[in-house]
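This briefing is for a reader who meets the structure for the first time.

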Amino acid sequence: MIESVSHVILLMSSSLAAVWLLKRLRSAEPETHYKVRVFALSSLFVTAYALSHLVLTQGPQQMTLLQMTENLSMYVALPFIATVFLATGQQWHWSMAGWGRWLLGLIAFFELSRAMGYAVLYAHALSIAILLALFAGSLLFKKATAKIKGLSSAFVASIGLVFFSFIPLIGTAGNPIFFNFALAAFIPLAASALLDEFSKT
């Protein structure tokens with residue numbers, strides 16, 4: 001029961017954060033709007049993960065789709081959000097084609113690591129890279145409120161990735177309920193940090 005509740009909260013948190021950020025920054029310049037769209041897409045990947053666990057059963061035919069949405073949330077959505085933070089802090093401007101190539105690269109890196117038997121090592125390395133990018137990007141934000149919110153979101157993400165993710169940095173088995181709650185707190189905080197950083201006032 002509590003796991004279903006955590007998925008409902010995560011679904012609402014991630015989907016509303018995506019819509020809210022898109023709506024608030026719909027008139028932003030293209031370079032900013034690209035980052036906003038990537039963040040929103042990442043949030044919707046997490047929404048798909050939460051939704052699939054609410055509507056699908058654990059039967060053999062559904063397990064592939066469930067695993068796919070888990071992989072999207074962990075190996076694409078979180079690196080995407082971390083990259084948005086770092087790109088914002090460093091003032092990098094990528095085209096949508098550039099973001100698309102990064103998406104394909106993330107998928108290729110994941111598939112290669114799994115095929116070579118390094119899935120756990122890759123998951124740990126990716127988690128560390130995500131956290132470093134989130135903290136570094138937040139520290140590079142120009143606005144104080146964005147920096148505080150960004151660091152707060154990075155701290156929440158670090159708790160989730162270190163202790164509770166599908167392949168946590170500490171321990172051998174994560175906790176999906178606590179990981180869902182961590183993601184549900186992280187995504188709106190990250191969206192709010194980006195909104196403050198991108199706002200003109």
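## Pockets, a cavity and helix packing

The largest pocket has a volume of about 240 Å³, in a model that is predicted. Among the elements, α2 (30-55), α3 (60-90) and α7 (176-198) each give two or more residues to the lining of this largest pocket. The second largest pocket holds about 150 Å³ of space, and there is also one cavity of 30 Å³ or more in the structure.

**The largest pocket**

- A total of 15 residues line the largest pocket, and those that lie nearest its centre are Thr32, Thr88, Gln91, Glu197 and Phe198.
- Sorted by class, the lining of the largest pocket consists of four nonpolar, five polar and six charged residues.

**The second largest pocket**

- The lining of the second largest pocket is made up of Gln67, Met68, Asn71, Leu72, Tyr75, Val76, Leu106, Ile107, Phe110, Glu111 and Arg114.
- Two or more residues of the lining of the second largest pocket come from each of α3 and α4 (96-115), and α3 provides the largest share, with six residues.
- Seven nonpolar residues, two polar residues and two charged residues form the lining of the second largest pocket.

**The cavity**

- The residues that line the largest cavity are Leu78, Ile130, Leu134, Val156, Ala157, Gly160, Leu161, Phe179, Ala182, Leu183 and Phe186.
- In the lining of the largest cavity, 10 residues are nonpolar and one is polar, while no charged residue takes part.

**Helix α7 with α6**

- Helix α6 (residues 144-164) packs with α7 at an angle of about 160 degrees, and the axes of the two helices are 8 Å apart.
- An angle over 145 degrees counts as roughly antiparallel, and α6 and α7 are therefore roughly antiparallel to each other; the crossing in which α6 passes α7 is left-handed.
- On the α6 side, the residues that meet α7 include Thr145, Ala146, Lys149, Val156, Ala157, Gly160, Leu161 and Phe164, and on the α7 side the residues that meet α6 include Pro176, Phe178, Phe179, Ala182, Phe186, Leu189, Asp196 and Glu197.
- The contact of α6 with α7 comprises 14 nonpolar, six polar and three charged residues.

**Helix α7 with α1**

- Helix α1 (residues 2-24) and α7 cross at roughly 10 degrees, with axes that come within 8 Å.
- Because angles under 35 degrees count as roughly parallel, α1 and α7 are roughly parallel to each other, and α1 passes α7 in a left-handed crossing.
- Among the residues of α1 that make this contact are Ile2, Glu3, Ser6, His7, Ile9, Leu10, Trp20, Leu21 and Arg24, while those of α7 include Pro176, Ile177, Asn180, Phe181, Leu183, Ile187, Pro188, Leu194 and Leu195.
- By class, 16 nonpolar residues, six polar residues and two charged residues take part in the contact of α1 with α7.

**Helix α1 with α2**

- The helices α1 and α2 pack with their axes 8 Å apart, at an angle of about 160 degrees, and that makes α1 roughly antiparallel to α2.
- The crossing of α1 and α2 is left-handed, and their contact contains 15 nonpolar, seven polar and one charged residues.

**A residue in the loop between α6 and α7**

- Ile170 is found in the loop between α6 and α7, where, leaving aside its neighbours within four places in sequence, Ile170 is in contact with Val162 and Phe163.
- Ile170 and Lys142 are 28 residues apart along the chain, and a distance of 33 Å separates their C-alpha atoms.

Definitions and conventions
Residues are numbered from 1 along each chain as its sequence is written. This is a predicted model: local features need pLDDT of at least 70, side-chain atom pairs count only at pLDDT 80 or more; totals for chains, interfaces and linings use all residues. Side-chain values use heavy atoms; hydrogens and water are left out. On a 1 Å grid over the protein atoms alone, a cavity is a set of points where a 1.4 Å probe fits but cannot get out, and a pocket is an open set with protein on both sides within 12 Å along at least five of seven lines; lining residues have an atom within 4 Å of a point. Grid points are joined across faces, edges and corners, and a volume is the space filled by probe spheres set on the points. Helices (H or I, at least four residues) and strands (E, at least two) are DSSP runs, numbered from the N terminus. Ala, Val, Leu, Ile, Met, Phe, Trp, Tyr, Cys and Pro count as nonpolar, Asp, Glu, Lys and Arg as charged, and the others, Gly among them, as polar. Axes are lines fitted to C-alpha atoms, for helices over the stretch in contact, and angles run from 0 to 180 degrees between N-to-C directions. Angles under 35 degrees count as roughly parallel, over 145 as roughly antiparallel, 65 to 115 as roughly perpendicular and the rest as oblique. A crossing is left-handed if the near helix is turned anticlockwise from the far one by less than a right angle, and right-handed if clockwise. Contact means heavy atoms within 4.5 Å.
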